[in-house]
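Trainee: I am new to this structure and would like a close look at a single part. Please take the pockets, and tell me what surrounds them.

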Amino acid sequence: MTTAPPDTEVGPLLREWRERRRISQLELALRADSSARHISFVETGRSRPSEDMVLRLAEALDVPVRERNALLVMAGYAPRYAQTPLDAPAMSALRESLDRLLTAYEPYPALVVDGVYGVVAANRGIALLLEGVAERLLVPPVNAMRLTLHPEGLAPRIVNLPEWRADLLAQMERQIALVRSPALRELYEEVAAYPVPERPADTDRTDVPAGPGGSGGSASADGRAGGERAAAFALPMRLEHGGRVLSFVSSIATFNTPMDVTVAELAIETFLPADRETAAYLHAHLPP
């Protein structure tokens with residue numbers, strides 16, 4: 001019986017993940033119930049880790065599910081996590097659950113995106129915000145980052161575009177640092193190169209008509225709407241729509257302990273109203 005030679009690729013990759021997480025070999029060993037000596041041997045290729053050890057190290061390093069499969073393959077083992085297309089029959093229960101969740105968020109805009117921000121589902125609240133977006137950006141496959149930052153997308157109507165754009169690009173940079181995704185890197189380079197539309201000087205203050213039964217008010221660059229400060233707890237997206245400025249804060253949810261690559265990379269983003277006027281407008285104008 002022959003023994004497989006020590007792997008020469010998985011070790012350096014595990015070391016790279018450890019260095020990304022900025023933890024020592026000793027700390028990783030404690031997290032993975034191992035020893036610093038064994039971690040050192042694995043990282044230098046002197047020792048071939050078992051399948052269980054690869055998974056324990058990946059868990060301790062919070063390696064994304066897709067990358068855990070890559071680690072297993074490099075170590076000479078079969079991938080552990082499936083990658084099931086979202087339209088497969090096995091995913092029907094998940095799709096139905098996502099649809100129910102998105103509907104429950106209405107009238108607040110909500111959508112589901114994949115690992116490269118492809119829109120896989122959205123509710124009627126999102127449709128409300130897409131007024132004026134170029135038709136070509138709405139042809140499948142639709143991408144949320146392109147919709148937001150393209151000069152023919154939402155970008156010209158985002159009042160605080162420089163701040164919101166910087167936040168989105170920083171979000172993508174953090175994700176790129178976590179996963180080795182050429183597609184994500186290509187998308188980042190594309191949207192980061194989009195020209196930033198110039199805004200007229202008088203958009204620093206925009207009238208906000210009252211919602212049903214309201215008394216009216218205004219929205220200004222400091223985030224005030226109707227006399228109240230909007231979203232002081234988080235950076236809002238302030239979007240012109242129908243002669244007013246709507247203010248939203250974004251909330252992102254992911255699945256806990258996913259066992260499928262597709263599910264692991266899904267994210268549910270909800271745009272919650274940052275002031276009472278925005279909430280009232282959404283309730284009054286939800287598309288049929």
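Predicted model: local features only at pLDDT ≥ 70, side-chain atom pairs only at ≥ 80, totals over all residues.

Mentor: A pocket is an open set of points, on a 1 Å grid over the protein atoms alone, with protein on both sides within 12 Å along at least five of seven lines; the probe is 1.4 Å, and lining residues have an atom within 4 Å of a point. Residues are numbered from 1 along each chain as its sequence is written, and side-chain values use heavy atoms, without hydrogens and water.

At least two lining residues come from each of helices H5 (65-74), H9 (161-178), H10 (182-192) and H11 (261-264), and from strand S9; helices (H or I, at least four residues) and strands (E, at least two) are DSSP runs numbered from the N terminus. By type, the lining holds 19 nonpolar, six polar and 11 charged residues; Asp, Glu, Lys and Arg count as charged, Ala, Val, Leu, Ile, Met, Phe, Trp, Tyr, Cys and Pro as nonpolar, and the others, Gly among them, as polar.

The second largest pocket holds about 340 Å³ of space. Its lining has 21 residues, with Leu-111, Ala-144, Leu-147, Thr-148 and Phe-271 the closest to the centre. S1, S2, H7 (124-129), H8 (144-149), H9 and S9 each give two or more residues to this lining, and H8 gives the most, four. Here the division is 18 nonpolar, two polar and one charged.

S1, S2 and S9 also belong to an open antiparallel sheet of five strands, ordered S2-S1-S9-S8-S7; strands pair if DSSP finds at least two bridges between them. S2 (119-122) and S7 (237-241) are at the edges with a single partner strand each, so one side of each lacks a neighbour in the sheet. S9 (residues 267-273) is joined to S8 (residues 244-253) by six bridges, and Phe-248 lies opposite Pro-273 in S9.

As for confidence, the mean pLDDT of the protein is 86, and 85% of its residues reach 70 or more.

Definitions and conventions:
pLDDT = per-residue confidence, 0-100. Points joined across faces, edges and corners; volume = space filled by probe spheres on them.
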